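Here is a short report on a metal site and a pocket. Keep the structure in view while you read.

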Amino acid sequence: MNKKYFEQIDRVIRKNLEQRGMDKVRLVGELERASRSLFESETVFIVTGFCIRDTLTGETDGPIGAISLASGLEQLGKKVVIITDEYSREMLFNCKMVKGVKGPIEVVPHKAAEYFCNHLINNYKPSHIVGVERPGRANDGCCYSMRGENLSDIVPNTDILFEKAKELCIRTIAVGDGGNEVGMGKVSSLVMNCVNKGEKICAAISSDYLIVAGVSNWGGHALVAGLSLLSDKILLHDRKTEIQLLKSMLEAGAVDGCTKKSTMTVDGLSLEENLEILESLRKIVKGRMRKDCVMAG
Ligand code: CA
């Protein structure tokens, strides 16, 4: 019975995908499978933060979706650990405050990233690892922006978490919108053929479940909407909170990943366009709950 609601959510977050050729990627039922898997999780790593080379700060896409998901999971009693690099630490800290998320933020250093990631897994023993707009290493071992700039010298390698997850049977979920994010290896042939510079930038590593959204923040919200359907609770925040989140990101130095400017936009899309998506997701969840009430009545 939830299936049609998951399909509606998927349709909403696919808006804008054609801009980068990602509309060719269609993974039917993936959002529902990912949500169900997270619904059964215990401890979840959420890895996020995409550094913009020109400003050496994180961008506005990623952390909002990551913190939205962290909050949704915590409302269901799950443990959450947020993992990032130095460029997005302050932004995540601010977003955490806005949403009242309790889980710690762990900052992976550029040097000894592998040692640090192994330590995180041994220490927290996650059941799930979720990447939200996190740079992934391409086939050549480097990671790239959507424009094809090599970011490997500044971005610590967090693919290690996903590699280790495969060894240890930890479930992995990835959210992305451009093909260069960790987990996109699952659809590598499509990314290579359909996305500009796809062959160069496509992330090599795959994930168990992959959420492809027009903007990665929307993918994070979509998972929260999915968890809302499964738990019969509205876990998704309202537009006022979304505005506060974006404001708090800018205060910490975030820039729009497309325009590289410090504006109330995400991936070049206006605040209103982003709020519309959030509103649509909330409407779907609320619609389902109203229907339940009517049926129970
Ligand atoms: Ca993006």
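## Calcium site

This is a predicted model. The calcium ion has protein donors from D61 (OD), E133 (OE), D177 (OD), D177 (OD), D267 (OD) and D267 (OD). These donors lie 2.3 to 3.0 Å from the ion. D177 and D267 are each listed with two OD entries.

What is the arrangement of the six donor atoms around the calcium ion? The arrangement is irregular, because the angles they subtend run from 46 to 165°.

## Donors along the chain

The donor residues follow the spacing D-x71-E-x43-D-x89-D in sequence.

Are E133 and D177 buried or exposed? Both residues are buried.

## Largest pocket

The largest pocket has a volume of about 220 Å³. Its lining counts 13 residues. Closest to the pocket centre are F6, E7, D10, V28 and G29.

Two elements, α1 (3–13) and α2 (30–39), each give two or more residues to this lining. Helix α1 supplies the largest share, with five residues.

Which classes make up the lining of the largest pocket? Eight of its residues are charged, four are nonpolar and one is polar.

Technical notes: Residues numbered from 1 in each chain as written. Predicted model: local features only at pLDDT ≥ 70, side-chain atom pairs only at ≥ 80, totals over all residues. Heavy atoms only, no water. 1 Å grid on protein atoms, 1.4 Å probe; cavity = no way out; pocket = protein on both sides within 12 Å on 5 of 7 lines; lining within 4 Å. Points joined across faces, edges and corners; volume = space filled by probe spheres on them. Helix = DSSP H or I, 4+ residues; strand = E, 2+ residues; numbered from the N terminus. Nonpolar A, V, L, I, M, F, W, Y, C, P; charged D, E, K, R; others polar. Donors = N, O, S within 2.8 Å, 3.2 Å for Na, K, Ca; no water. Tetrahedral: all angles 85-135°; square planar, octahedral: opposite > 155°, others 65-115°. Buried < 20%, exposed > 50% of the residue type's maximum accessible area, 1.4 Å probe, protein only.
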